[in-house]
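This report walks a new reader through the structure shown below, beginning with a sheet and moving on to chains, domains and helices.

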Amino acid sequence: MAIGIVVCLKQIPNPDLQFQVAPDGHDIKRESLNYRINGADEYALEEAVRLKEKNGGRVVALTAGPKRAEQMLREALAKGADEAVRVAYEDPAGFDVGKIARILAAAVKTLPHDLVLTGVQSDDVTNSATGGLIAGILGIPHASVVTKVVVQGGGLEVTTELEGGLNRVYALSLPALLTIQFGANVPRYAPLPAIMKAARAPIKELTPAALGVPSWDALAGPYTFKVRRLSPPPAKGRAEMLSGKADDQARRLVQMLREKGFVRA
Amino acid sequence: MGRDVLVVAEHLEGTLAPSTIELIAKGRDLAAQSGGSPKAVVLGHGVSTVAESIAGYGLEVLHVDDPAFEAYTADGYGQVLQRLIETDAPRLVLLVHSAQGYDLAPALAARANLPLATNCTDLRLEGQALVVTRRLFNEKVQAEFEFASDRPCVATVRPGSAKPAEPSAGGKVVPVAAAIDPSTVRARFLRLERPSVEDIDIAAADVVVSAGRGIQKKENLALVEEFAKRLGGVVGASRPLTDLEWLPKTRQVGQSGKTVRPKLYIACGISGAMQHVAGMKDSGLIIAINTDPSAPIFEVAHVGIVGNVLEILPLILKALPS
């Protein structure tokens, strides 16, 4: 059974970086950040490509974000997506998840979508909300934190992860949306020829007009969203930091472990 | 828009999720701010003991008992909650930011066309505005977001961000009829699966030494294993390592793995994402070693070393009796 799959991807600043709040307090300083595909989305993309390879069909990689996100879409093409679409939503932060989800849902509607995949969360804002919102807006069933997908008799059997290592298994009719968990598969590396080819591939751009609205604001939800302010997290300051050179740090740590009775003999 | 705060209870196999008790405390605070009452809603089948136990925290519990709620489904829960929100018109609907909570909350908010804030560490009401505190960028930035609306807001609250409610008098259970059409449940529950345990139980150890991405290569696990051995402890891991299958799933510390409270917890090259911290923050003594001074693990650690574990661990091993 060939399936039309849309996989929603997000480009995020590398989470291992240090971040500074911009002077106006409404975003972080973004000038010197490097960006990458969101961690969980790598698994969503891989799952999409595997489902296509196994069942036939087509994978469209979709994102809403600034021009820089084209780099991520090209990676997705190189890893097996058949088409790349960027919704030209230029807000670099995209903190209003309800708005982003409404924009993505409007874009998904223009694409064949038996199955929509997202990552379980984005590592920059960790809402875990985009997938469920899109499903609700499109009126299709969904499952979250999915670790296994099996296409079965015109529908899906999916394993979802709960806290503490428990799983719940559901049967879903199609069309459906799944949010894919870290570790659901082993994402592939793109082969060099595919990277070369993807570098020249066209990327479709969707403007508000293409989705039949005068502006992105026309798709906003039933509320007014405002960023009040960003700040460094309140310093808990309870960690005693062992500073100095590595051998000093190691020596002091061992001494402390000894004093607290964790070292035998 | 009303003033009440509706707390959606989470339970599994007849047991109330402890995070729901935190949520009740938060719901009570917020209801005081809006001038309304906190209420809880329990959806299930044959779980009146769960409903009764929530009433023990002194609030009204709407109890929907129907075979359709034998297991959680987003469609079933969503339908009933949407109807309840329409009839009861609460100010706020609160859920735990758990796998079930963030499965349900967005779908509910979308189907009922309501504002949604998720993974909040704090919330307050200011007139028509809900102001939520969030953590962004790998816990390294805090943010306040405002949602102003004349519609009820749906919000999920991060586990561990409020103290559990204390029991109090005055609660009661009110049965509410469900009337779910099973054919509208499109994601059908099939079964619950448990991991087969064929490993040591890291939750039973006094000393846990955990490895994270900072160890870089599987071969470097040997350093962590040796460290744990010298302290008479066991090796744990953060999620990325068990995803890579460098260690079995049974060693994973965190929300989707084990919750541990050892006397000593040492985090080696673990940045401290929420999902990990949730599983170890109550340990007796927490020591963290990480190259990034802004890593959130240092917020929960009692003792911190900014440095490369691959450099520090061999020096520690040299100084420890074997």
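## A sheet built from both chains

In this predicted model, four strands form an open sheet in the order 12(A)-10(B)-9(B)-8(B), and the pairing within this sheet is antiparallel.

## Where the two chains meet

The contact between the chains involves 72 residues of chain A and 75 residues of chain B. On the side of chain A that touches chain B, at least two residues each are supplied by helix 4 (130-138), strand 7 (142-152), strand 9 (167-173), strand 12 (224-231), strand 13 (240-241) and helix 6 (246-259) of chain A. By class, the residues on this side of chain A comprise 39 nonpolar, 17 polar and 16 charged.

A further strand pairing also links the chains: strand 9 of chain A pairs with strand 13 of chain B, residues 187-193, in the antiparallel sense over six bridges. In this pairing, L172(A) stands opposite A187(B), which belongs to strand 13 of chain B.

## Chain A as a whole

Chain A has six helices and 13 strands, and its C-alpha atoms fill a box of roughly 65 × 45 × 40 Å along the principal axes. Of the 265 residues in chain A, 48% count as buried. Among the contacts in chain A between residues at least 6 apart in sequence, 71% join residues at least 24 apart.

Is E83(A) buried or partly exposed? Its count of other C-beta atoms within 10 Å is 18, and because a residue needs 20 or more to be buried and 12 or fewer to be exposed, E83(A) is partly exposed. Leaving aside residues up to four places away in sequence, E83(A) touches V60(A) and K204(A). The C-alpha atoms of E83(A) and A218(A), which are 135 residues apart along the chain, are separated by 27 Å.

## The domains of chain B

Chain B is divided into domain 1, residues 5-184, and domain 2, residues 202-319, and the C-alpha centres of these two domains of chain B lie 33 Å apart. Between them, six residues of domain 1 of chain B are in contact with eight residues of domain 2 of chain B. The side of domain 1 of chain B that touches domain 2 of chain B divides into one nonpolar, two polar and three charged residues.

## Helices within chain B

In helix 2 of chain B, residues 48-55, the buried residues are V50(B), A51(B), S53(B), I54(B) and A55(B). Their cover includes strand 2 (11-12), strand 3 (15-16), strand 4 (38-44), strand 5 (60-65) and strand 12 (172-175) of chain B.

Helix 5 of chain B, residues 221-230, packs with helix 9 of chain B, residues 309-319, at an angle of about 35° and with the axes 10 Å apart, in a left-handed crossing. Here L223(B), E226(B) and F227(B) in helix 5 of chain B meet L313(B), P314(B), I316(B) and L317(B) in helix 9 of chain B. By class, this contact has six nonpolar, no polar and one charged residues.

Definitions and conventions. Residues numbered from 1 in each chain as written. Chains lettered and ligands numbered in written order. Predicted model: local features only at pLDDT ≥ 70, side-chain atom pairs only at ≥ 80, totals over all residues. Contact = placed C-beta atoms within 7 Å. Nonpolar A, V, L, I, M, F, W, Y, C, P; charged D, E, K, R; others polar. Pairing = 2+ DSSP bridges. Domains from an automatic or database assignment. Axes fitted to C-alpha atoms, helices over the stretch in contact; angles between N-to-C directions. Left-handed = near helix turned anticlockwise from the far one by under 90°.
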